[in-house]
Amino acid sequence: MGLFRNLGLLTKIVLLIGLILISFFVLSSMISYRQQRAFIIEESVEKARIIASEAVQAREYISQQLQVGNIPLSEQRYGMIPVVASNRIGQRVAEDLDYRIRQVSNRYRNPKNAPDAFEAEVLDRFVADAAWREHYAITELDGQPVFRYLQAFTADQSCLECHSDPAVAPEFIKTLFPPQTDQAYHYKIGEVIGAASVTIPMDKLERQILANFRNDTLLIGGIFLVLITCLGLLTRFAVTRPLGLLGEAIGEIVRTGRFEEKLPPRGRDEIGRLIEGFNEMIEHLGEKTSHLEESEKRFRVLTETARDGIISFLANGQIILFNRQAERIFGYSKREALGLSVDRLIHEECTSLGEQGVEAYLKQNCARLMQELNRVTGRRRDGTRLTLEFSLSVAESDGHLFYTVIVRESH
């Protein structure tokens with residue numbers, strides 16, 4: 001905390017803004033990752049939905065073409081059976097996309113169409129709820145995370161040729177799949193006969209999510225970097241630089257005691273009003289200083305040209321004013337007298353002052369001394385005696401007493 005307090009204002013502002021922006025950066029990155037993940041999953045659902053629909057549409061199209069061409073199914077044309085053809089087309093598409101696409105059924109004929117545990121559970125739900133036609137989830141397959149999508153398809157007229165009453169099924173179908181053991185007969189129109197199943201490896205989706213997330217993060221980070229740079233420059237030119245000039249101007253006044261240098265005015269914002277107030281204060285203090293110097297000059301002329309000695313001292317006796325006539329009377333120069341105790345100017349025969357000390361003596365006798373012209377034996381710098389007449393006055397400033405003596409030699 002102490003280190004932060006000693007930093008410059010610009011550094012503090014940049015650090016605080018940086019911390020705030022970093023917080024927003026972390027928050028926005030988390031939101032961006034969630035959005036990218038949701039977007040990729042939604043896109044995967046849409047792709048799987050299209051692939052599944054194309055599988056169903058391919059099956060229906062082949063069935064229609066067989067009917068239009070009045071082409072009977074046979075063992076030699078097994079690959080033309082709509083569901084078989086659609087399944088094989090799906091497998092070729094899956095190889096190109098690195099997906100797994102197949103058609104599954106709980107009442108399968110080809111073991112390759114047997115559902116796994118996940119597909120079997122979803123097929124049961126499709127059968128139980130006629131309004132439920134698709135399902136997707138992120139799960140595991142062979143220990144690897146995968147995205148899975150199933151879309152139900154129902155039996156239509158073309159399906160019934162091979163999957164309804166065994167009596168109307170082609171002979172080669174009954175030969176390949178004896179009605180006594182096969183479970184794929186006796187379907188009715190509209191009944192769920194199976195589902196298109198699409199499996200997409202999650203590592204493929206995660207790579208896409210991370211790529212999009214990296215691009216978003218670089219973009220947001222770049223924007224924040226530009227933003228903090230602009231805010232730093234703006235703070236420097238609008239706040240810290242004017243305040244720095246103001247501090248330098250105040251330091252110059254403290255160093256020289258002159259109130260002459262004003263700062264260039266700027267707008268009417270807070271910094272501008274502060275500089276304007278500083279300039280007004282400089283002008284006001286300059287005038288007061290000029291008046292004070294003029295007053296001191298007049299006071300100095302008055303005290304230096306007085307016919308009597310004028311000596312001012314503090315309550316403890318320390319001399320703070322010693323005019324030219326006092327120099328002549330006592331033989332001290334002003335430089336020698338300033339700082340001396342006033343009792344150095346009184347002869348030793350004034351025993352009461354010597355015994356009590358200046359401060360105690362004045363407390364006891366000040367009122368009496370102020371009421372009359374007093375006589376006392378003084379002492380010059382060379383120790384010779386002289387008789388003095390003096391009057392005493394006292395003033396108070398800031399809780400301190402100041403005594404002034406007007407003194408002359410008495411002959």
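Helices (H or I, at least four residues) and strands (E, at least two) are taken here as DSSP runs, numbered from the N terminus. I started with the loop between α3 and β1 (100-104), where Asp98 is found. Asp98 has a positive phi of about 65° although it is not a glycine.

Ground rules, noted before going on. I am working on a predicted model, in which local features need pLDDT of at least 70, side-chain atom pairs count only at pLDDT 80 or more, and totals for chains, interfaces and linings use all residues. Residues are numbered from 1 along each chain as its sequence is written, and side-chain values use heavy atoms, with hydrogens and water left out.

**Entry: another positive phi**

I looked up Asp398 next and found it in the loop between β8 (385-397) and β9 (400-409). Its phi is near 55°, a positive value in a residue other than glycine.

**Entry: UniProt spans**

I took these positions from UniProt, in the numbering used here; feature names are shortened, and annotations may be inferred rather than shown by experiment. The unreviewed entry places the feature "transmembrane region" at residues 6-27 and 217-239. I checked residues 6-27 and got 86% helix and 0% strand, with the end C-alpha atoms 30 Å apart. For residues 217-239 I got 100% helix and 0% strand, and the end C-alpha atoms are 31 Å apart.

The unreviewed entry also has the annotation "domain: HAMP", which covers residues 237-290. That span is 76% helix and 0% strand, and its end C-alpha atoms lie 35 Å apart.

**Entry: helix α8**

I then went to α8, residues 270-304, which has 35 residues. From its first C-alpha to its last it reaches 50 Å, close to the 51 Å expected at 1.5 Å a residue; the expected span is 1.5 Å times one less than the number of residues.

Which residues of α8 are buried? I list Ile271, Gly272, Ile275, Phe278, Asn279, Ile282, Thr303 and Glu304. With contact meaning heavy atoms within 4.5 Å, the buried residues of α8 pack against α7 (202-256), β5 (309-314), β6 (319-322), α9 (324-330) and α10 (334-337).

I looked at Asn279 of α8 separately. Its relative accessibility is 12%, so Asn279 counts as buried. Not counting residues up to four places away in sequence, Asn279 touches Lys262 and Leu263.

**Entry: helix pairs**

For axes I use lines fitted to C-alpha atoms, for helices over the stretch in contact, and angles run from 0 to 180 degrees between N-to-C directions. Angles under 35 degrees count as roughly parallel, over 145 as roughly antiparallel, 65 to 115 as roughly perpendicular and the rest as oblique. A crossing is left-handed if the near helix is turned anticlockwise from the far one by less than a right angle, and right-handed if clockwise.

How do α7 and α8 run relative to each other? Their axes come within 10 Å and cross at roughly 15°. The two helices are therefore roughly parallel to each other. The crossing of α7 past α8 is left-handed. On the α7 side, the contact is made by Ala238, Pro242, Leu243, Leu246, Ala249, Ile250 and Ile253; on the α8 side, by Ile271, Leu274, Ile275, Phe278 and Ile282.

I repeated the check for α7 with helix α2 (residues 9-68): the axes come within 8 Å and cross at roughly 160°. α2 and α7 are therefore roughly antiparallel to each other. α2 passes α7 in a right-handed crossing.

Ser32 lies in α2. At 7% relative accessibility, Ser32 counts as buried. Leaving aside neighbours within four places in sequence, I found Ser32 in contact with Phe213 and Asp216. From Ser32 to Ile311 I noted 279 residues in sequence and 85 Å in space, C-alpha to C-alpha.

Ile81 has its place in the loop between α2 and α3 (82-97). Ile81 also counts as buried, at 7% relative accessibility. Not counting residues up to four places away in sequence, Ile81 touches Leu73, Phe172 and Ile173.

I ended with His135 in strand β2 (residues 134-141). His135 has a relative accessible area of 16% and is buried. Neighbours within four places in sequence aside, His135 is in contact with Phe118, Val122, Arg125, Phe126, Arg148, Tyr149 and Leu150.

Key
Buried < 20%, exposed > 50% of the residue type's maximum accessible area, 1.4 Å probe, protein only.
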